[in-house]
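Biologist: I'd like to go through this one with you, feature by feature. Where shall we start?

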Amino acid sequence: MVEIPYGKRMRPRYWRFLIITAIGVALVAFALDIPWLLITLIVLGVLNTIVCVGAIYILHRQPHTISGDELRLRQLGFFDWRIPTSDLGTAQVAERTHKGQRSVEVIGDALVIQSLTRTNVSVPFHEPQLVNLGKTGVQRVERVDFWADDPARAVREINARTT
């Protein structure tokens, strides 16, 4: 199994959120003498810290993967899809910008797993696949577009297992 990291673009954003949270809580603590507001902001700051640290951890520990049997695509802890390698066509580097509203959604005939509105790997399927995205239901897709930190390596690894 080979890892295909995808968090390089998103990790700095979470680190900024952590820093901004710490500075914001500290500034409010010094500027205001309203205990209930300070307690509320500290609680929200702690919750934000947990979310950000969790996201950074998941981006590091749960990358996309490719093995002889399957391509496993993930998006933080919210999406995990396993596609048999026998269903995959030839992967290619294809950098695209998407105007989607969600980090994982169907746009046209593609399942798009974007990183800050961008994807850079496209993998067509031999036959259309069904993907269940919860609220939007089961949808039919003909390819998957996703972000990889090293798209050329990701394409090489995928194609080595599909041809």
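**Reading the model**

Modeller: Let's start with a side chain: that of asparagine 159 reaches the backbone nitrogen of alanine 91 at 2.7 Å. A polar contact is a pair of N or O atoms within 3.5 Å; within protein, one must be able to donate a hydrogen and the other to accept it, and residues adjacent in sequence count only if both atoms are side-chain atoms. One caution: this is a predicted model, where local features need pLDDT of at least 70, side-chain atom pairs count only at pLDDT 80 or more, and totals for chains, interfaces and linings use all residues. Residues are numbered from 1 along each chain as its sequence is written, and side-chain values use heavy atoms, with hydrogens and water left out.

Biologist: Where is the place of asparagine 159, and what does asparagine 159 touch?

Modeller: Asparagine 159 sits in helix 3, residues 151-162. Helices (H or I, at least four residues) and strands (E, at least two) are DSSP runs, numbered from the N terminus. Not counting residues up to four places away in sequence, asparagine 159 touches Gly89, Thr90 and Ala91, where contact means heavy atoms within 4.5 Å. Asparagine 159 counts as buried, at 15% relative accessibility. Buried means under 20% relative accessible area, exposed over 50%, partly exposed in between (1.4 Å probe, protein chains only).

Biologist: And asparagine 120, is that buried or exposed?

Modeller: Asparagine 120 is buried, with a relative accessible area of 2%. You'll find asparagine 120 in strand 8, residues 118-132. A polar atom of its side chain lies 2.8 Å from the backbone oxygen of alanine 148. Leaving aside neighbours within four places in sequence, asparagine 120 has contacts that include Gln92, Phe146, Trp147 and Pro151.

Biologist: Now helices. How do I read a packed pair?

Modeller: Two packed helices are described by the angle between their axes and the distance between the axes. Axes are lines fitted to C-alpha atoms, for helices over the stretch in contact, and angles run from 0 to 180 degrees between N-to-C directions. Here, helix 1 (residues 11-31) and helix 2 (residues 35-61) pack at about 165°, their axes 9 Å apart. Helix 1 and helix 2 are therefore roughly antiparallel to each other; angles under 35 degrees count as roughly parallel, over 145 as roughly antiparallel, 65 to 115 as roughly perpendicular and the rest as oblique.

Biologist: Which residues of helix 1 and helix 2 meet?

Modeller: Among them, Tyr14, Trp15 and Leu18 in helix 1 and Leu41, Ile56 and Leu59 in helix 2.

Biologist: Let's follow leucine 59. What is leucine 59 in contact with?

Modeller: Leaving aside neighbours within four places in sequence, its partners are Tyr6, Gly7, Met10, Arg11, Tyr14 and Leu76. Leucine 59 is buried at 1% relative accessible area. Valine 46 is also found in helix 2, but valine 46 counts as partly exposed at 44% relative accessibility.

Biologist: What should I look for in phi?

Modeller: Most residues other than glycine have a negative phi, and most peptide bonds are trans. Leucine 76 has a positive phi of about 50° although it is not a glycine. Leucine 76 lies in the loop between strand 3 (70-75) and strand 4 (79-84), and is buried at 11% relative accessible area.

Biologist: What about leucine 116, where does leucine 116 lie?

Modeller: In the loop between strand 7 (110-113) and strand 8. Phi of leucine 116 is near 50°, again a positive value in a residue other than glycine. Leucine 116 is partly exposed, with a relative accessible area of 27%.
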